[in-house]
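I opened my notebook to record what I looked up in this structure, one entry at a time.

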Amino acid sequence: MVIAAFIYGLYQVLHAASEVSVPVAVALMLTAAMWPLANWLSRHRIHRGIASGICLLLLIILVGGVFTLVGAQIALQWRELGNQSVASFKQALQWLSRSPLHTNKAQLTDLMHKAETAMAGSQGRIASTAAAAGTQIGRFSAGLVMALFATFFFVYEGDKLAEKSAVLIPREHRAKILDAAKRGWVALVAYVRAAVIVAFVDGLGAGIGAAIIGSSRSVAIGALTFILAFVPIVGALTAGVVAVAVVLVTLGFFKALIMLIVFVAVMQIEGHILQPFLLGKAVSIHPLIVLLGIAVGAIISGIVGALLAIPIVAFGVAFIKALNPETPADEVPPNHDDLAAEHA
């Protein structure tokens with residue numbers, strides 16, 4: 001009951017200060033992603049501060065480059081995409097008029113008029129939504145800057161910050177809990193590294209598949225798949241639906257079916273080869289726990305909660321395994337000090 005009350009109280013505090021806690025949580029995920037590279041640079045006699053700056057610069061270049069490339073491609077082809085969407089919509093209307101549903105032109109015209117009337121009556125709501133979106137963009141920008149600064153300091157002196165925070169733990173339990181936390185951190189780093197590799201392979205496979213069938217939006221499809229793949233199961237499914245819809249609008253039903261087959265193949269490779277090979281037993285999470293974790297995270301904190309839920313579960317599972325003396329040795333993640341000794 002004490003533990004449950006503490007967790008509930010901690011959640012209330014973090015939720016109330018979400019404009020700070022969310023950027024810090026994102027910074028921890030980014031730190032886990034860049035931790036192996038920073039350690040590699042440090043082992044090659046590059047000062048930790050310089051190594052942290054290099055990692056942060058590479059992150060900004062990579063993410064900024066992806067969004068710039070996608071934005072440029074969409075901007076250049078926006079008019080063509082709009083024309084193709086209109087043409088596909090007209091074809092759909094023609095199919096409906098000839099289909100066994102016996103939908104006549106008067107019914108379709110009436111439906112279009114109702115849609116136009118609904119849109120015209122919603123202008124005030126659309127304007128207020130746009131204004132709210134502008135405010136959210138400002139908050140997002142401030143949070144992004146905070147997350148980048150926090151990421152730099154976490155990569156630079158995360159070990160020191162963790163050691164200083166350890167004074168909050170009772171002395172008699174400090175060594176054991178710190179050891180479990182370090183093993184949880186190793187599992188989190190392994191999970192995030194695997195997530196990055198899986199997302200890259202998913203995006204590459206989707207982009208190549210779209211390029212092979214002749215889609216001029218292959219780069220955008222690949223980038224969207226890469227970004228959404230960080231949400232396990234749900235993200236890749238969403239990216240697949242969007243990609244198939246785009247191909248259906250622009251290239252027709254047959255090539256959309258091929259795009260669907262490509263996504264199914266990519267998902268099979270991810271589920272049966274990449275994740276078991278990259279994660280292993282130490283950070284393995286049952287698919288049911290993944291789905292429940294995403295659902296709970298989405299209910300609590302929306303998209304951010306869905307993104308952070310499984311990394312938190314990965315850390316928690318490894319932490320509990322390390323504390324449990326009955327856990328088999330091959331299922332306990334190594335301590336990062338042991339990994340450092342191996343590299344040395």
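**Salt bridges**

I counted the salt bridges, taking one to be a side-chain nitrogen of Lys or Arg within 4 Å of a carboxyl oxygen of Asp or Glu, and the count comes to one salt bridge. I noted that this is a predicted model, in which local features need pLDDT of at least 70 and side-chain atom pairs count only at pLDDT 80 or more, while totals for chains, interfaces and linings use all residues. I also noted that residues are numbered from 1 along each chain as its sequence is written, and that side-chain values use heavy atoms, with hydrogens and water left out.

Which residues form the salt bridge? I found Asp179 paired with Arg183, and their closest N and O atoms are 2.9 Å apart. Both residues lie in helix α6, four residues apart, which is about one turn of the helix. Helices here are DSSP runs (H or I, at least four residues), and strands are runs of E with at least two, numbered from the N terminus.

I then checked how covered the two partners are, calling a residue buried under 20% relative accessible area, exposed over 50% and partly exposed in between (1.4 Å probe, protein chains only). Asp179 is partly exposed because its relative accessible area is 27%, whereas Arg183 counts as buried because its relative accessibility is 17%.

**Arg48**

I looked next at Arg48, which is found in helix α3 (residues 48–98). Arg48 is buried yet has no salt bridge, and Asp159, the nearest side chain of opposite charge, is 5.9 Å away. For charge, Lys and Arg count as positive and Asp and Glu as negative, while His and the chain ends are not counted.

Setting aside neighbours within four places in sequence, I found Arg48 in contact (heavy atoms within 4.5 Å) with several residues, among them Trp35, Asn39 and Tyr156.

Leaving aside its neighbours within four places in sequence, Ala243 is in contact with Ile221, Met259 and Phe263.

**The whole protein**

Finally I recorded that the secondary structure comes to 11 helices and zero strands, and that buried residues make up 31% of the 344 residues.
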